[in-house]
There are 2 protein chains.
Amino acid sequence: MRMIKGKTITDVSGIIACGIASGIKKDNKKDLCIIYSKLKATSAAVFTYNKVKAAPVIVNMENIKNDNTQAIVINSGNANSCTGQKGLENARKMIETAAHCLNLLPEEVLVASTGALAAQLPMEVVVPGIKKACGQLSEEAGMDAAEAILSTDTKTKTIAVEFEIEGKKSRIAGMAKGSTMVHPNMGTMLCFMVTDANITKDMLHKALKESVDMSFNMISVDGDTSTSDMVIVLANGASASRQIDTVNEAYKTFSEALNYVAVELAKMIAKDGEGSTKFIEVEVVNARTLQEARTAARAVVSSNLVKCECFGSAVKWSTIACVLGYSSIDMNSENFDIFIGSEKDKVQIVKRALEANYDKALLDSIVSEDFINILIDLKNGESRATAWGCDLTCTYVKANAYLLQS
Amino acid sequence: MRMIKGKTITDVSGIIACGIASGIKKDNKKDLCIIYSKLKATSAAVFTYNKVKAAPVIVNMENIKNDNTQAIVINSGNANSCTGQKGLENARKMIETAAHCLNLLPEEVLVASTGALAAQLPMEVVVPGIKKACGQLSEEAGMDAAEAILSTDTKTKTIAVEFEIEGKKSRIAGMAKGSTMVHPNMGTMLCFMVTDANITKDMLHKALKESVDMSFNMISVDGDTSTSDMVIVLANGASASRQIDTVNEAYKTFSEALNYVAVELAKMIAKDGEGSTKFIEVEVVNARTLQEARTAARAVVSSNLVKCECFGSAVKWSTIACVLGYSSIDMNSENFDIFIGSEKDKVQIVKRALEANYDKALLDSIVSEDFINILIDLKNGESRATAWGCDLTCTYVKANAYLLQS
């Protein structure tokens with residue numbers, strides 16, 4: 001597997017895209033994106049488990065069942081969530097407009113929205129925007145597309161990789177936006193991946209589900225799960241490799257590449273969390289089960305106290321021990337080890353559930369860096385998991401208290 | 001039922017107490033408390049579910065089984081948590097010292113500690129402190145006792161009530177300390193209640209369990225459950241009322257008074273949350289089950305986003321709807337109402353899952369007050385629950401990032 005330099009979704013054969021400013025956002029910022037596959041494509045998706053679902057989620061849950069998915073239309077600046085019947089009509093109108101321009105059936109198009117909640121979409125700019133966007137699809141606009149789906153993200157989040165299946169080259173690329181707040185309301189995690197691999201819908205869904213569990217389900221910015229979260233993957237088979245229709249070597253190769261892309265995009269989201277100053281990685285090893293490893297890693301990275309301590313470069317082992325204790329895993333509270341590391345160094349701060357003898361100056365220097373790795377050895381099994389997050393800062397509090405508005 | 005003005009634990013017949021400065025805390029602050037019942041007493045307790053349990057919790061889980069519990073010895077300034085074998089020895093030494101002075105068996109004494117984690121108790125001041133404290137037990141020292149258990153709490157938390165069982169007066173009093181941070185580590189929720197009612201150990205435990213579920217288990221400061229949390233009740237029968245040994249009218253009267261005391265103390269803890277500027281109450285009505293009502297109320301009061309929005313006096317209905325959606329309850333996402341109220345006013349902000357037509361200036365004035373009530377009508381059952389919490393502020397973040405230390 002190798003990284004593709006351009007690293008956008010249009011680096012995948014048969015994929016064109018665009019990102020334009022339609023007028024939903026102020027200041028001529030890009031706010032409308034279309035992803036289009038020239039060939040018929042298989043799709044799979046994972047949607048938010050939130051029972052209050054945004055209109056695009058409800059509409060997509062139907063359309064994802066279709067055998068062919070050739071386009072995704074996405075707007076930022078308005079989440080079309082908590083918008084009732086009118087919101088559903090608007091989501092369907094977005095799909096119909098794109099389908100008409102691209103000569104597709106409505107059920108061959110998916111839709112996503114991110115931005116303010118509880119406000120109706122300004123359809124008077126959205127509809128002309130979609131028409132204009134359809135005319136600007138190109139192989140060069142991958143980065144424009146990645147920019148058009150952002151809300152208060154400070155960076156675009158894209159990646160593309162190439163790998164071989166039975167000697168034939170395939171690619172997977174993806175773009176994402178983070179779970180950060182959007183004026184005047186909460187944000188959303190969106191991710192769109194495309195591949196030219198040839199894979200059945202069932203196998204694509206299985207691979208996506210597994211990759212989401214180890215990537216997007218392992219990041220935490222603030223513990224609040226949005227009404228709009230979705231991860232979609234399109235596979236158009238342009239690479240002409242043999243179809244993956246069962247769990248074989250080709251599936252494993254594909255799955256590995258998809259996991260890599262998903263994990264890297266998830267980490268980019270965690271790094272760019274609202275108001276964050278530090279990127280936190282929590283690895284749990286030797287847990288009893290994979291589920292317990294994931295639960296423990298997620299609990300530590302989600303703890304407000306751990307996040308505050310990382311912000312202040314003052315990580316306490318007793319706080320981490322306390323979080324493990326309430327995380328509901330079956331741990332041996334008298335035998336676990338904890339290590340804290342940075343890019344360069346690592347120190348063992350806990351040995352057999354008690355403070356280890358370590359160099360305090362070295363620990364201080366490690367936790368002062370903007371990447372903090374917390375490694376927890378539970379010593380009661382063989383499973384491992386990693387979770388990612390960011391620190392909790394005054395900027396986060398102020399932003400979400402609407403105290404940063406000018 | 002009526003409130004007792006003195007409102008301390010020593011307002012209950014047969015209970016004496018003290019609170020002294022032993023030297024665990026700096027600046028001659030009170031840090032050692034003893035609660036003593038002149039008569040033999042029945043006890044019940046609920047302990048933290050955290051698997052990493054502080055030494056006093058482990059020791060008490062044994063001693064609580066004893067038929068007679070006549071004293072509780074409590075220190076602040078050090079939580080005796082994450083302290084291993086040495087910590088257990090120190091907790092037992094505290095009990096033995098108090099038992100010896102008070103002419104009790106060790107198993108007739110309980111122990112509690114709150115303050116810094118991962119540091120051994122300074123037994124050279126704790127042991128003489130306990131001896132001194134035993135000589136200062138009195139009916140006048142109820143407020144000293146309440147003060148000696150505090151960590152960074154800004155206020156003592158005490159209450160006492162009187163009620164009648166079959167024409168005989170009984171009292172229940174309690175004192176608590178909050179879940180706020182202690183330099184240099186996380187805090188603890190402790191509550192000690194005493195009553196002169198006459199009740200069997202089984203019935204006392206049943207009543208305590210029920211009251212904790214609707215009080216201390218319904219408050220959230222930061223979602224981090226301490227290693228040391230405990231709620232203890234002693235019943236010494238001094239009121240000479242008939243023994244409560246089954247669920248009858250007398251049990252109900254007792255239980256109601258205990259619930260009242262527990263809820264009021266829990267609310268005092270929520271109000272005094274670390275760095276808080278607002279007290280938040282979330283009432284959920286017409287839920288399918290009691291469990292779902294509690295889950296929903298707790299989810300809303302625990303949400304970082306809701307807490308930030310309360311801090312900024314900028315509560316959004318879509319945030320509350322989003323939290324309900326991910327809370328795991330079985331809700332009808334197309335039919336729920338939300339009201340926001342203060343001491344004086346109330347407005348309906350959501351009607352049938354969509355924004356209601358309301359006076360925005362009135363809402364702004366309501367959410368600017370320091371008490372915010374959020375009432376959620378789920379309209380799919382008959383159960384109700386209330387949860388309490390506080391806002392999330394920059395002061396909380398800075399305190400727990402150790403950025404407020406001088």
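This dialogue walks through a few features of a predicted model.

User: What conventions apply here?

Analyst: Residues are numbered from 1 along each chain as its sequence is written, with chains lettered from A and ligands numbered from 1 in the order written. The model is predicted: local features need pLDDT of at least 70, side-chain atom pairs count only at pLDDT 80 or more, and totals for chains, interfaces and linings use all residues, while side-chain values use heavy atoms, without hydrogens and water.

User: Is B:Asn90 buried or exposed?

Analyst: Buried means under 20% relative accessible area, exposed over 50%, partly exposed in between (1.4 Å probe, protein chains only). B:Asn90 has 6%, so this residue is buried. B:Asn90 is in helix H2 (residues 84-102) of chain B. Helices (H or I, at least four residues) and strands (E, at least two) are DSSP runs, numbered from the N terminus.

User: Which residues does B:Asn90 touch?

Analyst: Contact means heavy atoms within 4.5 Å. Leaving out residues up to four places away in sequence, B:Asn90 touches B:Asn80, B:Gln120, B:Leu121 and B:Met123.

User: How do I read the sheet in chain A?

Analyst: Two strands pair if DSSP finds at least two bridges between them. In chain A, seven strands make an open sheet, ordered E10-E17-E12-E16-E13-E14-E15, with mixed pairing.

User: Which strands stand at the edges?

Analyst: Strands E10 (219-220) and E15 (354-355) of chain A do. Each has a single partner strand, so one side of each lacks a neighbour in the sheet.

User: How many bridges join E12 and E16 of chain A?

Analyst: Seven, in the parallel sense, between E12 (residues 279-287) and E16 (residues 371-377) of chain A. A:Phe279 has A:Phe371 in E16(A) as its bridge partner.
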